[in-house]
Structure formats: C-alpha cells, structure tokens
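Visitor: I would like to go through this structure with you, starting with the ligand and then turning to the sheet. Could you take my questions as they come?

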Amino acid sequence: MNHQGPYVREARPSDFDEISAFDARAFADDPEMNWFGGLKTAIADEAPTQKAGSLENLRLFLDTINRSVALVGGRVTVVAIPQESGPEKLVAFAAWVPPHKVIEGTLTSLRAKAHRSLFAWGFTMWWRASVIFKPTIGAIVKKALKAKSHQETDHYRLEITATDPEYQGKGYSSMLMKEGFERCGSKPITLEATTAHSRDVYAHQGFEIVESLTLGQGVVDSRGLNTKDKGAATGFPVCVMIKWPAST
Ligand SMILES: CC(C)(COP(=O)(O)OP(=O)(O)OC[C@H]1O[C@@H](n2cnc3c(N)ncnc32)[C@H](O)[C@@H]1OP(=O)(O)O)[C@@H](O)C(=O)NCCC(=O)NCCS
C-alpha cells in the first residue's frame with residue numbers, strides 16, 4: 001500500500017538502529033535511564049565531546065530492550081513518514097510484550113546483546129534493572145491484576161515507547177497507542193511512567209495509576225542522578241499504570 005502521510009507499521013530488522021538512535025535522544029534525561037546508567041550528569045547536560053559517547057551507551061541499552069521484545073514474540077511498531085525520495089523517516093515507536101512473556105531471560109538477554117550495556121555501564125546497571133526494578137514492578141503488577149480477578153501474567157506490557165524529540169507533540173504516540181490498543185483486544189495493558197509528562201500522557205490515553213513508588217532513595221536525586229548529598233538523594237517517582245479492558 002502507498003502511504004501519503006505518517007502511518008503505523010511493524011518495525012523491520014533493518015529499522016532497529018534508527019529506532020534506538022532517536023530512542024536514546026528521547027530518554028537522554030529520563031530519571032530511570034539516568035539511574036540504570038549510574039550517571040552523575042544527565043546526557044542532555046554534557047559537553048558535546050562527551051555527549052556522543054554517552055548517547056551511544058544509552059542507545060545500546062535501549063536497543064537490547066527492543067531486540068528482546070522481538071525475540072520473545074512481541075511487536076515493535078513504528079510511525080513511518082514516507083519521504084519524496086529515499087527511505088521513510090521513523091519518528092516514534094512502541095514495544096509490546098505479549099501475555100505470559102518476559103524479556104529478562106538469560107538466553108534472551110544474550111541474544112539481544114545485553115553484554116554491550118554491561119561493558120558500557122557496568123554491574124550497577126544489571127543490578128538496578130534486573131534485581132531491583134523488574135521484580136519490584138512485576139510484583140506490583142501481579143498484585144493489581146489479581147485484585148481485579150485477572151490472571152497475573154495475562155496482560156500486554158508496553159515495555160517502552162518514545163517519539164523522536166523533534167517530532168513530539170504531533171500525535172504520533174496516539175497513533176501508536178490506537179493501533180496497539182486494538183491489537184491487545186480485551187486484555188489489560190501494563191507499563192510504568194517515570195516522568196510527570198509521560199504519566200499525564202498515559203493517563204490521557206486511558207491508563208490508571210495502580211501504585212506510585214520511589215526508587216533510588218539515598219543514592220540518586222529526583223532526576224535519577226547519583227549524588228553524595230544525602231539531602232538531595234530523594235530518589236525519583238515511578239507510577240505503575242494499567243489500562244483495564246472495558247469489562248473490568
Ligand atoms: C511520552 C511521549 C511518548 C509522548 O509522545 P508524543 O508523540 O509527543 O505524544 P502525542 O503528541 O501523540 O500526544 C499523546 C496524547 O497525549 C496528549 N497530551 C500531550 N501532553 C499532555 C499532557 N501534559 N497531559 C495530558 N495529555 C497530554 C496529547 O494531546 C495526545 O492526545 P490526543 O491524541 O487525544 O490529542 C514522548 O513525550 C516521549 O517520547 N517522551 C520521552 C520518552 C518517554 O518518556 N517515554 C514514555 C515512557 S516508556
């Protein structure tokens with residue numbers, strides 16, 4: 001089909017590098033990513049000489065997430081904008097994990113080249129992402145699903161989504177969510193928001209906060225950046241959110 005304007009399609013294997021490049025720019029000052037990376041300075045605030053290397057480290061981490069989602073049978077969707085000549089421009093993406101699947105398996109991580117982030121960010125990243133973050137969020141999600149009589153693993157998970165910063169505010173996230181919600185049918189969709197903006201956008205898109213928590217207390221500030229100032233080490237807020245099917 002010939003598309004005249006922006007449209008949603010599934011990502012092709014050749015799209016993954018382009019996706020992770022704008023994904024890294026979108027998350028360059030995200031508290032969760034700053035915390036995972038053990039960063040002292042947000043990438044967005046770094047000098048140009050340092051910025052490129054730090055963005056590449058973040059890109060590798062995010063690329064592993066997208067590849068993991070594809071490896072477990074999930075869908076990575078993109079908003080593509082056809083160009084007058086040359087390849088389409090990709091401006092937004094969403095990565096959907098299907099029910100009963102997780103992306104944290106050792107084999108999945110190996111196949112998705114997680115070692116690249118271990119080399120770049122070190123053991124702290126692995127500890128925060130795998131030992132603290134995922135089990136904490138997973139337990140909250142299970143409890144919330146059970147409380148509404150849903151099977152604990154029978155939900156779609158919006159693992160990650162972003163719009164290229166230069167293309168935000170133009171409705172591309174809404175296009176992705178509309179397509180994704182139709183595909184998820186009558187099952188709950190779970191996610192977490194780590195900024196006030198994404199929380200408000202998700203709430204607008206029909207997600208409900210089921211629990212708010214604080215991560216990194218005593219270690220990082222409200223932007224997720226490492227600090228030795230105990231007064232500033234408040235940690236950062238995370239909202240676990242669920243979009244319930246109409247019948248719930
Ligand atoms: C969150 C993010 C994905 C939104 O993408 P976007 O393409 O700019 O969003 P859209 O322009 O499609 O707006 C989405 C909807 O939210 C609404 N919206 C925008 N700002 C809002 C706000 N502050 N409060 C409530 N609703 C808001 C829009 O009006 C739109 O709804 P509509 O289609 O009914 O008009 C984007 O800001 C982003 O990439 N942020 C960085 C990465 C991130 O935080 N990702 C999410 C965590 S995984």
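Visitor: How many residues of the shell around the ligand are nonpolar, polar or charged?
Guide: In this predicted model, the shell around the ligand has 11 polar residues, 8 nonpolar residues and 3 charged residues.

Visitor: And which residues are the closest to the ligand?
Guide: Of the 22 residues that surround the ligand, the closest are T163, Q168, S173, S174 and D200. The elements giving two or more residues to this shell are β4 (156-163), α7 (172-184) and α8 (196-204).

Visitor: Which element gives the largest share of the shell?
Guide: That is α8, with 5 residues.

Visitor: Turning to the sheet, what is the order of the strands?
Guide: The sheet is open and has 7 strands in the order β1-β2-β3-β4-β5-β7-β6, and its pairing is mixed. From one strand to the next, the twist averages 25°.

Visitor: In what sense do β6 and β7 pair?
Guide: Strand β7 (residues 236-243) and β6 are antiparallel, with 7 bridges between them. As one example, L213 has V238 in β7 as its bridge partner.

Visitor: Which strands does α7 lie across?
Guide: Helix α7 lies across β1, β2 (75-81), β3 (89-97), β4 and β5, and runs at about 35° to β3.

Visitor: What about α6?
Guide: Helix α6 (residues 123-147) lies across β5 (189-193), β6 and β7, and its direction is at about 35° to β7.

Note on methods. Residues are numbered from 1 along each chain as its sequence is written. This is a predicted model: local features need pLDDT of at least 70, side-chain atom pairs count only at pLDDT 80 or more; totals for chains, interfaces and linings use all residues. A residue is near a molecule or strand if its C-beta atom, placed from the backbone, lies within 6 Å of it. Helices (H or I, at least four residues) and strands (E, at least two) are DSSP runs, numbered from the N terminus. Ala, Val, Leu, Ile, Met, Phe, Trp, Tyr, Cys and Pro count as nonpolar, Asp, Glu, Lys and Arg as charged, and the others, Gly among them, as polar. Two strands pair if DSSP finds at least two bridges between them. Axes are lines fitted to C-alpha atoms, for helices over the stretch in contact, and angles run from 0 to 180 degrees between N-to-C directions. Two residues are in contact if their C-beta atoms, placed from the backbone, lie within 7 Å.
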